[in-house]
Each structure stands twice: as C-alpha cells, then as structure tokens.
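I opened this model to look up its core, its sheet and its disulfides. My entries are below the structure.

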Amino acid sequence: MSYTFFLLLLTLVHSTFSSLAPTDRAALQSIRDSLTDMPGSAFFSSWDFTVPDPCSSFSGLTCSSLGRVTGLTLGPNLSGSLSPSISILTHLNQLILYPGSVTGPLPPRFDSLPLLRVISLTRNRLTGPIPVSFSSLSNLHTLDLSYNQLSGSLPPFLTTLPRLKVLVLASNHFSNNLKPVSSPLFHLDLKMNQISGQLPPAFPITLRHNSISGELPPALVGAEALFLNNNRLTGDIPEEYVKSLVNGTTKQLFLQHNYFTRFPWNSGLQLPDSVSLCLSYNCMETDPVVGLSTCPIEVAPLLSRPASQCSRFYNHSSTG
C-alpha cells in the first residue's frame with residue numbers, strides 16, 4: 001500500500017466517523033459551556049467532545065446526512081443561559097428547552113436560522129424582549145415561550161409570520177395592545193400577561209387574565225374553545241354564541257370575571273353534555289344552572305358582581 005493511498009484512506013475513515021460539521025461542533029461546545037446540569041440531572045453526561053461522532057451519541061441532538069445539526073433538545077433541569085452561538089446552527093429546524101432554571105435573554109440572531117419550524121423554550125427564567133430577528137422566521141410553525149419572565153411590547157410581527165400556527169406566550173410580562181392577525185393561527189395562548197386594548201376582529205382564542213376591553217366580536221363565534229375570562233369585556237353577549245353552544249360547535253366558553261350585562265338564554269334551550277360554560281361574576285342576571293354549569297373549581301361561587309361594582313365600572317368607562 002502506497003503512502004499516498006494510506007493517507008487518502010485515513011482521511012476517508014476520519015470523515016466517515018467525524019460526521020459533525022466543525023462549525024456546528026464549535027457552536028455545541030459554546031452551548032455546553034453556557035449551561036449546567038442542576039443537581040440530579042445528567043443531561044450533559046453524553047456530551048463528550050472527544051468522541052468522533054456527536055451526532056450518534058449526544059443526548060438531544062439530531063443531524064442531517066451532511067453532518068449539520070437539525071434538531072437540538074436541551075434538558076430538563078438545566079441552569080445557565082442560552083448561548084448566542086445557537087445562531088451558528090444554520091440548518092436547525094427545531095429548538096427545544098425543557099423546564100429548568102435557565103436565565104438571561106433570548107439569543108439575538110434568529111435571522112440566521114431560516115429553517116426553524118419549532119421553538120419551545122418553556123418554564124424557565126428567560127428575561128427581556130423577543131428579538132426583532134424573530135420577524136425573519138418565515139417557516140416557523142410553533143412558538144412556545146410560556147412561563148418565563150419575558151417582557152416588553154408584544155411584537156406585532158409575531159402575528160404576521162406566514163406559517164405560524166401555534167403561538168403560546170402565557171405567563172410572562174408582555175404588554176401593549178393587540179394587533180390584527182394575518183398568520184394562520186389555530187392556537188393562541190396569551191393568558192397571564194399585561195396585554196390591554198380592545199379585541200380586534202378575527203382575533204384567535206385564549207386570552208384570559210389580561211386587560212382586554214370592548215365587546216365580543218362576531219368573528220369569534222364558532223371557535224371550539226374560547227377563554228376570555230378575567231378581562232374587562234362589556235356589553236351583551238351576542239345570541240350567535242348561545243347558538244354555537246347549543247349546537248355543540250363551541251365546546252368551551254369561559255367568560256367569567258368580566259362586565260357582561262346580558263346572556264340571551266332561553267329556558268327552553270339545553271346545553272350538550274360536551275359543552276363547558278362559565279359566566280360567573282359578571283354584571284347580569286343569569287340562570288345559576290347555566291351560568292355556573294362547568295366553572296373551574298377555583299372560581300368563586302358568586303353568580304354576579306355586586307351592583308355597586310358594576311355601576312362604578314360603567315360610570316368610570318363612560319366618563320374616562
């Protein structure tokens with residue numbers, strides 16, 4: 001065997017067993033350096049950078065046939081921060097961080113990750129705003145940043161991403177008014193934030209525990225589940241919502257702890273067993289059997305707000 005042929009064979013063997021691209025290997029090393037296993041966790045025990053092929057041995061890692069990282073799942077039970085080097089993984093299509101104690105801001109350069117379809121970074125201690133670079137994620141299908149400490153204005157570009165179907169930002173500190181939606185969303189959860197303003201037409205569901213005001217728009221009739229409790233909604237509930245409940249199109253309608261003045265219920269109507277409805281603590285007279293039919297267990301068993309409270313609210317609204 002000639003020396004030249006031996007070198008060629010050695011190079012071929014090395015490339016076969018060292019399939020991870022050098023740039024991605026360096027990025028993973030930086031990501032590893034910025035995170036730590038919490039007591040009882042052993043997630044990083046498999047991240048041995050002396051092995052020839054991390055793609056086949058690292059926990060939470062998936063790679064393409066070209067040796068580029070396509071999926072990164074971190075945790076659970078990690079602390080530290082998310083390294084900006086995540087942006088080097090330019091073939092990434094899925095980024096997941098399981099619950100833990102990871103702190104600090106989101107990495108800033110998501111515009112270098114055009115293939116991302118799923119971002120799920122839930123139940124940690126992430127802070128700061130959503131980077132503007134998220135606006136370039138034209139292939140994003142799912143974004144879940146719930147149960148963190150993120151803050152700032154709710155970015156208007158989030159609801160214009162062309163392929164976004166699932167947006168979950170619950171239990172953060174986002175503020176600002178709601179904007180019109182052009183994304184093809186079928187699941188939206190913004191509960192427990194500081195969002196205010198009126199409910200725009202054609203806005204999707206799940207917005208409880210905010211400061212949404214105004215009346216229920218007709219565009220939401222027929223939603224399978226509608227959670228608008230603990231807001232500042234007013235006026236009569238349109239009859240179309242009752243029809244949607246009675247025919248079983250709407251399965252869950254939670255409107256408790258608002259300031260609605262009328263629920264147009266006819267005593268001859270009957271709710272299907274599959275329907276959940278809660279209307280407690282509003283400014284209206286309601287049949288107790290209907291208004292408290294399937295309220296969550298934590299809801300106070302008061303059917304209506306005190307009249308004085310309703311009067312103060314509506315007088316203030318009319319003069320404000």
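The entries follow in the order I looked things up.

**Set-up.** I worked on a predicted model, where local features need pLDDT of at least 70, side-chain atom pairs count only at pLDDT 80 or more, and totals for chains, interfaces and linings use all residues. Residues are numbered from 1 along each chain as its sequence is written, and side-chain values use heavy atoms, leaving out hydrogens and water.

**Core.** I took a nonpolar core as a set of buried Ala, Val, Leu, Ile, Met, Phe, Trp, Tyr and Cys residues joined through side-chain atoms within 4.5 Å. Buried means under 20% relative accessible area, exposed over 50%, and partly exposed in between (1.4 Å probe, protein chains only). The largest such core holds 69 residues, and Leu28, Leu72, Leu74 and Ile119 have the most contacts inside it. Elements giving it two or more residues include α2 (22–34), β3 (69–74) and β7 (118–121); helices (H or I, at least four residues) and strands (E, at least two) are DSSP runs, numbered from the N terminus. I also found a second, separate core of five residues, among them Phe227 and Phe254.

I then listed contacts (heavy atoms within 4.5 Å). Not counting residues up to four places away in sequence, Ile119 touches Leu95, Phe110 and Phe134, among others.

**Sheet.** I counted two strands as paired if DSSP finds at least two bridges between them. Seven strands form an open sheet of mixed pairing, in the order β2-β3-β5-β7-β9-β11-β13. β2 (61–63) and β13 (187–189) are the edge strands, each pairing on one side only. The twist averages 10° from one strand to the next, with axes fitted as lines to C-alpha atoms (for helices over the stretch in contact) and angles running from 0 to 180 degrees between N-to-C directions. Helix α2 packs on the sheet, touching β2 and β3, and its direction makes about 10° with that of β3. Strands β9 (142–144) and β11 (166–168) run parallel and are joined by three bridges; Thr142 stands opposite Val166.

**Disulfides.** With sulfur atoms of a cysteine pair within 2.5 Å as the rule, I get two disulfides. Cys55 is joined to Cys63 at S to S 2.1 Å, a left-handed link with -90° about the S-S bond. Cys55 is buried at 19%, whereas Cys63 is partly exposed at 24%.

The sulfur atoms of Cys283 and Cys310 are 2.0 Å apart. Their torsion is about -95°, so this disulfide is left-handed. It links distant parts of the chain, 27 residues apart, with Cys310 in helix α5 (307–319).
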